[in-house]
Amino acid sequence: GGTVFIFEAEKSVMQCHTMGYNNAVALGSSSISKKQCQMILSLNPEKVVFMMDKGLEIENIRRNIIALKTYGKMKEFTIQFWKPGDDVPSKASPSDLGKNRFEKALREELIEFEESN
């Protein structure tokens with residue numbers, strides 16, 4: 001159980017680790033694969049949070065979420081995604097901004113995914 005953070009780049013996983021968050025994975029790209037979906041779902045997450053870099057099109061994030069939901073349709077879990085604030089530079093990951101800003105993102109900038117998003 002618990003939360004899994006999904007980032008685009010491996011560096012974000014390392015940054016999270018230095019901040020004490022050991023529940024992050026990276027896609028290595030902006031698109032999630034079937035194998036990655038299976039591996040993430042094998043963790044039995046209660047919540048999955050897509051933390052894609054600022055500037056990635058919402059449609060791309062939506063495709064990733066729908067892929068994960070499709071493979072995990074028999075499982076109960078919440079999906080959220082990060083909606084960056086205006087103070088976040090383009091192409092930045094929330095982990096690039098330091099622990100305080102990352103934790104603000106977790107408190108204030110996560111959007112619950114609804115099919116209508």
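Me: In which helix is the place of lysine 69?

Reply: This is a predicted model, in which local features need pLDDT of at least 70, side-chain atom pairs count only at pLDDT 80 or more, and totals for chains, interfaces and linings use all residues. Residues are numbered from 1 along each chain as its sequence is written, and side-chain values use heavy atoms, with hydrogens and water left out. Helices (H or I, at least four residues) and strands (E, at least two) are DSSP runs numbered from the N terminus. By this numbering, the place of lysine 69 is in helix α3.

Me: Does lysine 69 count as buried, partly exposed or exposed, and which residues is lysine 69 in contact with, leaving aside neighbours within four places in sequence?

Reply: Buried means under 20% relative accessible area and exposed over 50%, with partly exposed in between (1.4 Å probe, protein chains only). Lysine 69 has 32% relative accessibility and therefore counts as partly exposed. Contact means heavy atoms within 4.5 Å. Leaving aside neighbours within four places in sequence, the contacts of lysine 69 are Phe77, Ile79, Phe113 and Glu115.

Me: What separates the C-alpha atoms of lysine 69 and isoleucine 79?

Reply: Lysine 69 and isoleucine 79 are 10 residues apart along the chain. Isoleucine 79 is also among the contacts of lysine 69. The separation of their C-alpha atoms is 8.6 Å.

Me: What pattern does the protein follow along the sequence?

Reply: The protein contains 4 helices and 5 strands. Read along the sequence, these elements give the pattern β-α-β-α-β-α-β-α-β.

Me: What radius of gyration does the protein have?

Reply: The radius of gyration is taken over C-alpha atoms, and the globule rule is 2.2 Å times the number of residues to the power 0.38. For 117 residues, a compact globule would have a value near 13 Å, so the protein agrees with the rule. Along its principal axes, the C-alpha trace spans about 35 × 30 × 25 Å. The radius of gyration of the protein is 13 Å.

Me: Which residues touch the most other members of the largest nonpolar core?

Reply: A nonpolar core is a set of buried Ala, Val, Leu, Ile, Met, Phe, Trp, Tyr and Cys residues joined through side-chain atoms within 4.5 Å. In soluble globular proteins, nonpolar side chains tend to be buried together. The largest core here has 18 residues, and those that touch the most other members are Ile6, Ile32, Phe50 and Leu68.

Me: Which elements each supply at least two residues of this core?

Reply: Among the members of this core is Ile6. Not counting residues up to four places away in sequence, isoleucine 6 touches residues including Val25, Ile32 and Phe50. The elements that each supply at least two residues are β1 (3-7), α2 (34-41), β3 (47-50), α3 (58-71) and β4 (78-82).

Me: In which loop is asparagine 44 found, and what is its phi?

Reply: Asparagine 44 is found in the loop between α2 and β3. At 45% relative accessibility, asparagine 44 counts as partly exposed. Although asparagine 44 is not a glycine, its phi is positive, at about 50°.

Me: Does lysine 91 count as buried or exposed?

Reply: Lysine 91 is found in the loop between β4 and α4 (99-108). Lysine 91 is not a glycine, yet has a positive phi of about 70°. Because its relative accessibility is 66%, lysine 91 counts as exposed.
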